[in-house]
Amino acid sequence: MNIREIEIFAARIRLETVRQIGVRGFGHLGGALSVADTLAVLYGGLMRIDPANPGWDKRDKLVMSKGHAGPAVYSALAILGYFPMEWLATLNQPGTRLPSHCDMRLTPGIDMTTGSLGQGVSTAIGLALAQRMDGHGARTYLVVGDGECNEGQVWEGALFARQQKLDNLTMFIDNNGKQLDGTTKEVMDMGDIAAKFAAFGWNVQTIDGGDAAVILQAVNAAHAASGVPSCIVLNTVKGAKVSIIEKIELNHHIQLEGEMRDSAVRECEEALEILLNSKEGA
């Protein structure tokens with residue numbers, strides 16, 4: 001995909017994520033929207049994957065450690081054809097294959113079960129280490145929340161990954177400034193997250209997490225770093241690019257019903273339509 005196609009993909013991810021959560025009437029929308037652009041870059045051609053063969057042993061893998069952002073991953077996977085689009089309407093319903101948090105036992109294309117914050121870091125490091133031992137050149141991509149970095153397990157993993165020189169591991173920190181019950185500064189101020197990872201010996205970049213071209217450039221730069229794991233700090237907005245969601249102060253987990261839901265869906269549809277009708281490179 002080119003950048004315009006990735007932007008269209010991201011807009012579709014946002015639309016389908018809002019629709020999913022709108023069917024259920026509540027969910028973790030803010031932090032799902034803030035990683036939509038990153039998922040579009042990864043699943044939009046950068047990752048070595050095969051939707052027709054989700055269990056391909058030489059594939060790249062993605063671990064959504066902030067597992068509550070699962071709906072955004074489900075949107076990307078459905079768009080790519082991992083499972084029928086109709087499944088999206090079953091999000092978090094009884095008997096669903098799409099639980100509120102990622103579950104590799106239920107959902108085709110999910111590479112690791114997550115939800116207990118911090119643990120996805122450890123499992124992603126294990127996957128990356130196994131990939132290197134297998135020698136087939138596959139990579140692991142890891143998405144972590146800024147609030148999740150309160151967990152000590154994140155930093156134990158950071159030490160181990162650097163010690164093991166896991167240069168096939170790229171971690172994204174969704175630095176949206178909010179967590180479940182307040183801002184990250186109010187709950188547990190992490191200070192300069194990028195500086196902390198740099199002090200742990202990682203290759204670190206800080207970028208605009210809402211710009212697909214910038215994200216793609218950063219991932220390519222991470223790939224070029226040899227002998228060290230990479231960390232990309234994504235400066236994002238919780239509820240990104242859906243204004244009615246962005247404006248909610250505590251938008252980690254919200255009700256999405258009635259006119260609010262319809263307004264959010266309309267805004268996403270209009271944004272997608274503008275991209276579809278725009279000329280490439282305009």
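**Figure 1. The loop that holds Lys241.** Lys241 lies in the loop between β8 and α10 (243-246). In this predicted model, the phi of Lys241 is near 70 degrees, a positive value in a residue other than glycine. Most residues other than glycine have a negative phi.

Figure 2. Lys165 is placed in the loop between α6 (152-163) and β4. Although Lys165 is not a glycine, its phi is positive, at about 55 degrees. The relative accessibility of Lys165 is 48%, and this residue therefore counts as partly exposed.

**Figure 3. The protein chain as a whole.** The protein chain has eleven helices and nine strands. Its radius of gyration is 18 Å, close to the 19 Å that the globule rule gives for 282 residues, so the chain is as compact as a globular protein of that length. The C-alpha trace spans about 50 × 45 × 45 Å along its principal axes. Of the 282 residues, 52% count as buried. Among contacts with a separation of 6 or more, 75% are made by residues 24 or more positions apart.

**Figure 4. The open sheet of five strands.** The strands of this open sheet follow the order β2-β3-β4-β8-β7, and their pairing is parallel. At the edges stand β2 (61-64) and β7; each has a single partner strand, so one side of each is left without a neighbour in the sheet. On average, neighbouring strands of this sheet are turned by 20 degrees against each other, direction ignored. Strands of a sheet pair through backbone hydrogen bonds, either parallel or antiparallel.

Figure 5. Four bridges link β2 to strand β3 (residues 140-145), and the two strands pair in the parallel sense. Within this pairing, Lys61 stands opposite Thr140 in β3. Helix α5 lies across β2, β3 and β4, and runs at about 170 degrees to β3.

**Figure 6. Strand β8 and its two partners.** Strand β8 comprises residues 230-235 and is mostly covered, with five of its six residues buried. Strand β4 (residues 169-175) runs parallel to β8 and is joined to it by six bridges. Phe172 has Ile232 in β8 as its bridge partner. Strand β7 (residues 203-208) likewise runs parallel to β8, and six bridges join these two strands. Asp208 stands opposite Asn235 in β8. In a regular strand the side chains alternate between the two faces of the sheet.

**Figure 7. The crossover from β7 to β8.** Strand β7, helix α9 (residues 212-224) and strand β8 make a β-α-β unit, which is right-handed. The strands of this unit, β7 and β8, are parallel.

**Figure 8. Aromatic pairs.** Four aromatic pairs are present in the structure. In one of them, Phe83 and Trp87 are stacked, with 5.0 Å centre to centre and 10 degrees between the planes. Phe83 has a relative accessibility of 5% and therefore counts as buried, whereas Trp87, at 22%, counts as partly exposed. Phe197 and Trp202 form an edge-to-face pair, 5.3 Å centre to centre and with 75 degrees between the planes. Both Phe197 and Trp202 are buried. These two residues belong to one aromatic cluster, formed by Trp155, Phe197, Phe200 and Trp202.

**Figure 9. The surroundings of Leu98.** Leu98 is found in the loop between α4 (70-80) and α5 (119-134). Its relative accessible area is 0%, and Leu98 is therefore buried. Apart from neighbours within four places in sequence, Leu98 is in contact with Tyr74, Phe83, Trp87, Leu88, Thr90, Leu91, Asn92 and Thr107. Both members of the stacked aromatic pair, Phe83 and Trp87, are thus among the contacts of Leu98. Pro71 is 27 residues from Leu98 in sequence, and the C-alpha atoms of the two residues are 8.0 Å apart in space.

Terms used. Residues numbered from 1 in each chain as written. Predicted model: local features only at pLDDT ≥ 70, side-chain atom pairs only at ≥ 80, totals over all residues. Heavy atoms only, no water. Phe/Tyr/Trp six-rings, centres within 6.5 Å; stacked < 30°, edge-to-face > 60°. Buried < 20%, exposed > 50% of the residue type's maximum accessible area, 1.4 Å probe, protein only. Contact = heavy atoms within 4.5 Å. Pairing = 2+ DSSP bridges. Right-handed = clockwise from strand over helix to strand, strands pointing away. Axes fitted to C-alpha atoms, helices over the stretch in contact; angles between N-to-C directions. Rg over C-alpha atoms; globule rule 2.2 N^0.38 Å.
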